[in-house]
Amino acid sequence: MNSNDTSKKHSSELWIGTRYSGLYLMRFDNDSKLIAREHYSSEEGLPEGVIHLSHYKENGIENPLILSDSGLFEPVLSINSKPSGGKNEKQNKEDETKSYQLQSCTRFGKIFGDGSRQVFRFVQGFREDFWIYDGAQPYHITKNKTGEMQIDSLPFLPMRDKIGEIYAIFPAQGGITWFGGMDGLLSYNIGIAKDYKPQYHALV
């Protein structure tokens, strides 16, 4: 198994993502002893192709997020799941009921969960904001006053032409975010006011 990424949903759960072998959910008891292991594949809704694991924090809880060629997916608790506490390994193998189903995630914008685009990078910032990279350009996602997600991509349109394929997104304190690409490093400062809209339309 070529382990790709890991993420925790609760202190007793560990998600492990592999490059080509799906996802694994490891469950532990209070003594950190492994009590259950579940494998997730296309049968549970996992998209085809290479996947990566990331996470986001909400109300102090770290939630796993699946990045794929078909967008964002997330594990949703299955209504048919059975509690795994107290079972031995043989019982776990015999129990085919999975704890979660994998569903498309649109909480960060419909365009990232409708299967229309890939998602390669997902990073949470320090200001309840998020960064997504789809292989073509980065997107900055913020919440407005009503709680709706606002997606901004205009400032980042020329970024890939300058630094090539983006491999890392690193939000730092003070509103600065660093982008590491094949051909260099760029920073973006959210604190600098920007106006990309023309004051009027020119007729040539």
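Modeller: A contact here means heavy atoms within 4.5 Å. The model is predicted, so local features need pLDDT of at least 70 and side-chain atom pairs count only at pLDDT 80 or more, whereas totals for chains, interfaces and linings use all residues. Residues are numbered from 1 along each chain as its sequence is written, and side-chain values use heavy atoms, with hydrogens and water left out.

I begin with Y40, which belongs to strand β4 (residues 34–40); strands are DSSP runs of E of at least two residues, numbered from the N terminus. Y40 counts as buried because its relative accessibility is 0%, where buried means under 20% relative accessible area, exposed over 50% and partly exposed in between (1.4 Å probe, protein chains only). Beyond its neighbours within four places in sequence, Y40 touches W15, G22, L23, L25, L46, K98, S99, Y100 and L102. A polar atom of the Y40 side chain lies 3.1 Å from the backbone nitrogen of Y100. Between the C-alpha atoms of Y40 and Q101 there are 8.6 Å, although 61 residues separate the two along the chain.

Buried residues also occur in strand β10 (residues 130–133): F130 and I132 point one way, W131 and Y133 the other. Strands pair if DSSP finds at least two bridges between them. β10 runs antiparallel to β9 (residues 121–124), joined by four bridges, and W131 is the bridge partner of V123. Four bridges also join β10 to the antiparallel β11 (residues 138–143), in which Y139 stands opposite I132.

Key. A polar contact is a pair of N or O atoms within 3.5 Å; within protein, one must be able to donate a hydrogen and the other to accept it, and residues adjacent in sequence count only if both atoms are side-chain atoms.
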